[in-house]
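Here are my notes on the model, as numbered points. Please read them with the structure open.

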Amino acid sequence: MRHAYPPAVFAAMLINAALGQNLGAPCGGMACANDMPDSDEFISGSTIPAAIIPVSDGYGNALNYTVDPGNGKGRGVVVMAALGYDLFTRYMLTDNQSLDMFLGVDPVPDVDFVFLGHTDPSIPVNLRSALKLRMTAIGLNSTTTKLWLERMFFGTQTVQEMTAADPTQRDFTTPSTNVIGRVLRSPTFNSIVKRVVFHNQAGSVISSVNRLDGFFQFVNTQDLHNHAAVNPMVSTVHKVDGSIVCQKNKSDPGSQGKVAFVYAPELPRNCSYEDVVLWFGEGGANPAIVIMGGPSDPIKEIGQHLTGDDESGFYTVGTVIPYNAEVLQGFTSGTVQNVTIVYDFDVGQYFSVGVDFKLRQIGSPINPILAVLSWEGQYLNYKEKLRSELAKPVYVLPILQSVVGDVRTTGSSTGYTATVAIPNLVKNFNKGYLEVRFGCPGNGDFECPVWDRIATVTLQCPSQPSPVEINRWITPYRRSVGHWVTDVTPLLPLFYEGAAGSCNFSLSGFSSWMHEPWVTDMSLRLDVVGNDTPTRVEYLFSGGTFDVGYNNRTAVAVQVSGGKRAEIFAYITGHGSDEYNCCEFQATRHIFTVNGVEFTATFTEPLDMWGCTHQVPSGVEPNGFGAWWFGRNGWCNGRKVIPFQPDVTTAINFNGANSITYRAQLGRQSRCR
């Protein structure tokens with residue numbers, strides 16, 4: 001969580017109709033892709049009909065790419081159908097950093113990528129050339145280059161052309177070229193296109209210009225994420241004298257409380273777009289800053305190429321528009337008085353298909369980075385690996401079944417408790433895994449709450465004096481696809497103690513989370529692997545507020561009589577924020593000392609701006625509707641918390657007393673301010 005900035009997303013869309021405003025053409029004078037015929041209603045989780053797509057592969061060979069549920073041989077595929085009039089998409093497909101991040105993910109996803117244009121056939125052609133150039137520029141080795149070329153396909157027909165070629169096909173078993181268009185016109189897969197509409201005093205439209213918002217979170221953006229600015233934003237506008245921008249001891253009081261308009265050719269030399277935002281200052285004195293480039297200026301995204309976590313313009317929407325003579329003349333003549341900053345829903349530009357032929361949303365591409373597709377590919381691989389693991393025969397004990405974390409279901413704002421009968425046969429197993437499925441009541445991401453919360457499950461059997469936490473995860477930013485398995489073998493003695501009786505399993509978290517309609521399923525999966533069986537669990541330490549008193553702890557004395565192996569099992573996550581960014585975005589070290597021997601967990605991920613993107617192969621739900629990519633202190637949004645499990649066997653006295661201590665340290669530096 002970053003700031004308590006209230007999102008205003010869907011309800012605000014009604015304002016346009018209520019005001020009766022004329023906002024001009026949404027597609028910047030071009031033919032809109034959403035002018036195509038109405039679609040079937042596909043949702044996330046629907047089986048895709050048999051599809052055929054004319055493409056060329058990474059080597060330029062022409063072929064028909066097919067997705068056919070009837071042949072039973074599924075392969076993950078990520079589809080992008082670009083809207084040529086969307087500046088966000090155009091930047092994503094042409095910016096070198098965007099392309100490099102797409103190609104630089106590790107491992108390379110074992111899925112196919114299909115790139116199309118909705119109405120512009122040049123988009124996939126140009127993208128293939130650009131990607132091949134970047135492979136050379138960033139020095140991909142021959143093996144990695146070959147993997148990419150074998151997994152990328154580029155449409156030789158537009159979505160519009162494929163739909164027109166077979167406009168009435170509705171059979172789900174005969175491959176059709178119209179399937180992609182039918183899926184992308186379904187509201188589930190809608191994308192958004194952003195504009196700035198300039199008005200005169202009477203409200204008439206002078207010009208409607210597509211725009212590119214800056215990098216979230218250097219500035220705020222108007223989007224569907226958790227900090228999003230109101231949509232539409234209606235305001236008076238003030239053109240700022242560009243010659244004073246970026247100069248110390250100068251300001252423009254006339255822009256206070258208004259949308260500030262800056263014409264880039266008027267800026268002093270070496271005054272970057274980022275400098276413009278910094279000059280206006282923090283605190284949101286201007287609801288938005290609109291920078292218009294000159295006639296030959298390329299579109300640039302404000303803040304993308306910065307490193308670290310500078311949030312200087314976080315409360316202000318920073319956006320860039322291409323040169324527009326009508327707008328400039330309108331300011332010169334004084335006819336431009338007001339602006340509407342708005343996004344419109346348009347046809348979809350992205351979806352993916354798993355090996356099970358189920359359609360998936362890819363989440364929110366908040367920033368124009370093509371890696372949103374490669375992260376989705378990695379997640380498809382994770383889901384398939386998990387599916388294979390779960391196909392193995394084991395004994396399954398259901399614990400939580402479709403529990404909705406909402407007071408309307410639980411009757412409590414503090415959590416939900418299930419009393420579960422524990423069969424005696426659990427003692428026959430020596431390996432245990434907790435499987436969690438975590439989603440939303442509806443069909444897709446938009447039904448999900450938008451904030452990240454801590455979720456925890458505790459176990460208490462009659463013989464245990466207090467509940468013990470057995471699992472922890474962090475809710476995603478409005479994603480509906482969570483699925484994780486945690487090895488909890490060291491905790492099995494807790495279940496053994498409850499055998500032939502009943503135990504309480506309590507799902508809880510922050511009280512606000514218990515008012516949100518997340519849906520949780522959890523089961524214990526039991527197996528027999530090898531000969532070792534855990535025999536004892538000893539509670540050691542709890543967390544708390546990480547302040548000057550956090551390390552005021554006494555050693556725990558543990559008497560051991562027999563055994564041959566010992567582990568520490570700890571869920572450790574840092575949350576909240578103070579003047580030192582403690583502890584969500586602060587690196588920490590946690591030291592357990594067993595009879596003088598130290599075992600250390602070090603969380604350096606907060607030092608990495610893209611830290612949680614590297615964790616997608618381990619189950620992070622990518623492309624959340626918030627800044628999910630930032631590395632965090634022992635956790636990521638939309639994933640289980642991975643327990644710290646050092647083997648402490650060599651330090652344990654198995655025939656006598658043991659002394660165990662715990663302390664924690666802040667890192668020496670943080671990428672945060």
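**Notes on the sheet, the rings and the cores**

1. Val 594 has Val 597 in S27 as its bridge partner. The model is a predicted one. Strands S26 and S27 make a hairpin with 2 residues between them, and Asn 595 in the turn has a positive phi of about 50°. Over 7 bridges, S26 and S27 pair in the antiparallel sense.

2. S26 is also joined to strand S29 (residues 655-666), again by 7 bridges and running antiparallel. Here the bridge partner of Thr 588 is Leu 666 in S29. In general, strands of a sheet pair through backbone hydrogen bonds, in either a parallel or an antiparallel way.

3. These strands belong to an open sheet of 4 strands, in the order S25-S29-S26-S27, with antiparallel pairing. S25 and S27 each have a single partner strand because they stand at the edges, so one side of each is left without a neighbour in the sheet. From one strand to the next, the twist averages 25°.

4. The structure holds 35 aromatic pairs. One of them is Phe 438 with Trp 518, a stacked pair with 4.8 Å centre to centre and 25° between the planes. Planes under 30 degrees apart count as stacked. The pair links distant parts of the chain: Phe 438 is in strand S19 (residues 431-439), and Trp 518 is in the loop between strand S23 (501-509) and strand S24 (519-527), 80 residues apart. Phe 438 counts as buried because its relative accessibility is 2%, and Trp 518 counts as buried at 0%.

5. How are the rings of Phe 585 and Phe 630 arranged? Their centres are 5.9 Å apart and their planes are at 85°, so the pair is edge-to-face. Phe 585 lies in the loop between strand S25 (556-561) and strand S26 (588-594), and Phe 630 in the loop between strand S27 (597-603) and strand S28 (639-640), so the pair ties together parts that are 45 residues apart in sequence. Phe 585 is buried, with a relative accessible area of 3%. Phe 630 also counts as buried, at 1% relative accessibility.

6. Phe 585 and Phe 630 are members of one aromatic cluster. The cluster also includes Phe 215, Phe 216, Trp 375, Trp 610, Trp 628 and Trp 629. Contacts of Trp 629 include Phe 215, Phe 216 and Trp 610, and also Ile 366, Asn 367, Met 609, Gly 611, Cys 612 and Thr 613, leaving aside residues up to four places away in sequence.

7. The largest nonpolar core has 106 residues. Trp 629 is among the members that touch the most other members, along with Phe 102, Phe 115, Leu 370 and Leu 373. Helix H10 (residues 371-390) gives the most to this core, with 9 residues. Apart from this core lies another, of 24 residues, among them Ala 81, Ile 180, Val 353 and Leu 359. In soluble globular proteins, nonpolar side chains tend to be buried together.

8. Two arginines are placed against aromatic rings. Arg 478 lies over the face of Phe 625, at 5.7 Å from the ring centre. Arg 553 has its charged end over the ring of Tyr 550, 4.4 Å from the centre of that ring.

Key. Residues are numbered from 1 along each chain as its sequence is written. This is a predicted model: local features need pLDDT of at least 70, side-chain atom pairs count only at pLDDT 80 or more; totals for chains, interfaces and linings use all residues. Side-chain values use heavy atoms; hydrogens and water are left out. Rings of Phe, Tyr and Trp (its six-membered ring) pair if their centres lie within 6.5 Å; planes under 30 degrees apart count as stacked, over 60 as edge-to-face and the rest as tilted. Buried means under 20% relative accessible area, exposed over 50%, partly exposed in between (1.4 Å probe, protein chains only). A charge sits over a ring if NZ of Lys or CZ of Arg is within 6 Å of the ring centre and within 35 degrees of the ring normal. A nonpolar core is a set of buried Ala, Val, Leu, Ile, Met, Phe, Trp, Tyr and Cys residues joined through side-chain atoms within 4.5 Å. Contact means heavy atoms within 4.5 Å. Two strands pair if DSSP finds at least two bridges between them. Axes are lines fitted to C-alpha atoms, for helices over the stretch in contact, and angles run from 0 to 180 degrees between N-to-C directions.
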